[in-house]
Amino acid sequence: MRIANIEAKLYRIPPAAEIIDSIQRISHWEFILTTVTTDTGMTGTGHCYTLGIGGTAVRELVQTYLAHFVVGEDPQNIERIWNRCWWELHALGSAGMSRFALATIDIALWDILAKQADLPLYRLLGGSRDRIPAYGSGINMHLDGEPLLQQMGGFLAKGYRAMKMKVGRDNPEEDIQRVGAVRKLIGPGVKLMLDANEKWTAGEAIRRAASLRPFDPYWLEEPILADDREGHAHVRRSAGIPIAVGETLYTRYEFADFIRAEAVDIVQADITRVGGFTEWIKIAKLAESNNRPVAPHFNLELSVQALCAVPNGLILEDLQGGSLTDLGILAEPIRVVNGELSPPARPGHGIVFDPAALRRFEVTGKPTDITPTRT
């Protein structure tokens, strides 16, 4: 079996709910969807996303460059293909768009291998469990009072026993009031995660953490700039709250550095940002060997496969308005039920896109509706 064709397409899709955190407002998700076809007619799909900027560059990296190196290869040689692509892209930078482009191909190849094996992907990758708990995640910096409590209460009503909210208001008292109101609503038995989206300096993060600690946060996510490893170690030593980091890290080397520096408690590697399942599994094993759990960022439909594959999978993020099901682009919806999700039983990664739904959002040239993300 050989790879006969690779096709990448770009889609710009408005979120199904308003997306505002401490540093940005997202008007569109960009999804780059890559289809890999073999000479036997078997196909696999892979995708990545951006926050509205860079999608055309990723599409061209896949279609113009990576396809040149991958067509003709045996799709079973995933490590060989991954490393060939990684080296070809490395001079562009080992993170960012080069990883996104590589991820779309890697995910499609794992889809093909699992279909060939007639197995759901999580079983091919390790099969550690058949379901994973999920948390309701709200990008809700703009919400106060009753609207915020309605969102959090909605997660409770759907059976979630864990939920996440945004912090990072300029006025610290507003964070205290918002978090306190949510904790009062959900009670002591429900996990409450806080996400600052890199808003603070290390010193400010320690001060803010002290004021939020009485509400028993399950973790504090990205309290400072993700590039600042030593700053995260400083915050972790002083905050008194477990620190979650990883959505803005891209390589196993970065994760290894964070773990060695004692700068992270919960590893949040994003499957599409690290270059696909091939790299993600290595990061998960690195975390496991250092007694750290993994809780991937975003990508519910891919993350469920990864989390159920490994023994140190902690919890799945279900971002309100951000899942492929919420966006209305799946032919077969994938939904959390009573706070848990099982991977689809079909062979492969189980994601079946709806071509008609996608067609409305396809960008064949340049996007015309670019909006700055920074608030």
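This is a predicted model: local features need pLDDT of at least 70, side-chain atom pairs count only at pLDDT 80 or more; totals for chains, interfaces and linings use all residues.

Residues are numbered from 1 along each chain as its sequence is written, and side-chain values use heavy atoms, with hydrogens and water left out.

**Exercise 1.** Determine how the radius of gyration of the protein relates to that of a compact globule.

Solution. 
Step 1. The radius of gyration is taken over C-alpha atoms, and the globule rule is 2.2 Å times the number of residues to the power 0.38.
Step 2. Along the principal axes, the C-alpha atoms fill a box of roughly 60 × 45 × 40 Å.

**Exercise 2.** Describe the nonpolar cores of the protein.

Solution. 
Step 1. A nonpolar core is a set of buried Ala, Val, Leu, Ile, Met, Phe, Trp, Tyr and Cys residues joined through side-chain atoms within 4.5 Å.
Step 2. The largest core holds 117 residues, of which Trp29, Phe277 and Trp280 touch the most other members.
Step 3. Helix 3 (residues 97-117) gives the most to this core, namely 12 residues; helices are DSSP runs of H or I with at least four residues, strands are runs of E with at least two, and both are numbered from the N terminus.
Step 4. A second, separate core has 8 residues, including Tyr135 and Met193.
Step 5. In soluble globular proteins, nonpolar side chains tend to be buried together.

**Exercise 3.** Is aspartate 318 buried or exposed, and what does it contact?

Solution. 
Step 1. Buried means under 20% relative accessible area, exposed over 50%, and partly exposed in between (1.4 Å probe, protein chains only).
Step 2. Aspartate 318 has a relative accessible area of 12%, and therefore it is buried.
Step 3. Aspartate 318 belongs to strand 12 (residues 316-319).
Step 4. Beyond its neighbours within four places in sequence, the contacts (heavy atoms within 4.5 Å) of aspartate 318 include Tyr135, Tyr160 and Val336.

**Exercise 4.** Locate arginine 131 and state its accessibility.

Solution. 
Step 1. Arginine 131 lies in the loop between helix 4 (121-125) and strand 6 (132-137).
Step 2. Its relative accessibility is 48%, so arginine 131 counts as partly exposed.
Step 3. Arginine 131 and leucine 341 are 210 residues apart along the chain, yet their C-alpha atoms are separated by 5.5 Å.
Step 4. Leucine 341 is also one of the residues that arginine 131 touches, when residues up to four places away in sequence are not counted.
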